[in-house]
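Here is a short briefing on a protein model. Look at the structure first, then read the points below.

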Amino acid sequence: MRNPLHRLSLLVAALLLATALLSSFSADPAGASTVSRRISRPYRFRASRSGFRALALTSGDVWTRLRSCESGGRYTANTGNGFYGAYQFHPRTWRNLGYPGLPHQAPPEVQDEAARKLQARSGWGQWPVCSRRIGAR
């Protein structure tokens, strides 16, 4: 009985994968990045013992989701762990980006600018856990 169920689950996974791949060929707006396309897809597939299972991705801006994961979306976050602000910057990283003071004391627009600047310079690996969690790679 296990073999037919295994085959059925593989068939369903293949159909879901084909549907997701076909939907990814739709026209994207000009300037859409790889990250926004990946996040805008409704499903992501992860291998498991019983084949592939679809994981629903929540909708929303990648930066909003990153902030939410890192600091609960609070720009004034100072949890005492040596990282500050909405994107949990280390003070040394903050200064190397050219900003004065501490991140949690800066206005939200400055923290957003700094996060985009850091991501452009160093990639999503600056936020290893949360970037994986939100599907930004």
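The structure holds 8 aromatic pairs. Rings of Phe, Tyr and Trp (its six-membered ring) pair if their centres lie within 6.5 Å; planes under 30 degrees apart are stacked, over 60 edge-to-face, and the rest tilted. This is a predicted model: local features need pLDDT of at least 70, side-chain atom pairs count only at pLDDT 80 or more, and totals for chains, interfaces and linings use all residues. Residues are numbered from 1 along each chain as its sequence is written, and side-chain values use heavy atoms, with hydrogens and water left out.

**Aromatic rings**
- Tyr87 and Phe89 are an edge-to-face pair, because their ring centres are 6.1 Å apart and their planes lie at 65°.
- Tyr87 is buried, at 0% relative accessible area (buried is under 20%, exposed over 50%, partly exposed in between; 1.4 Å probe, protein chains only).
- Phe89 is buried too, at 2%.
- One aromatic cluster is formed by Trp63, Tyr87, Phe89, Trp94, Tyr99, Trp124 and Trp127.

**Helix α5**
- Helix α5 covers residues 108–122 (helices are DSSP runs of H or I, at least four residues, numbered from the N terminus).
- Its 15 residues should span 21 Å at 1.5 Å a residue, and the end C-alpha atoms are 21 Å apart, which agrees (the expected span is 1.5 Å times one less than the number of residues).
- Gln111, Asp112, Ala114, Ala115 and Leu118 are the buried residues of α5.
- These buried residues fall within an arc of 160° seen down the axis, so they line one face (the arc is that of the directions from the helix axis to the C-beta atoms).
- Glu109 and Ala120 are exposed, on the face of α5 turned away from its buried side.

**Helix α1**
- Leu8 is found in helix α1, residues 2–23.
- Leu8 is partly exposed, at 47% relative accessible area.

How values were computed
Helices (H or I, at least four residues) and strands (E, at least two) are DSSP runs, numbered from the N terminus.
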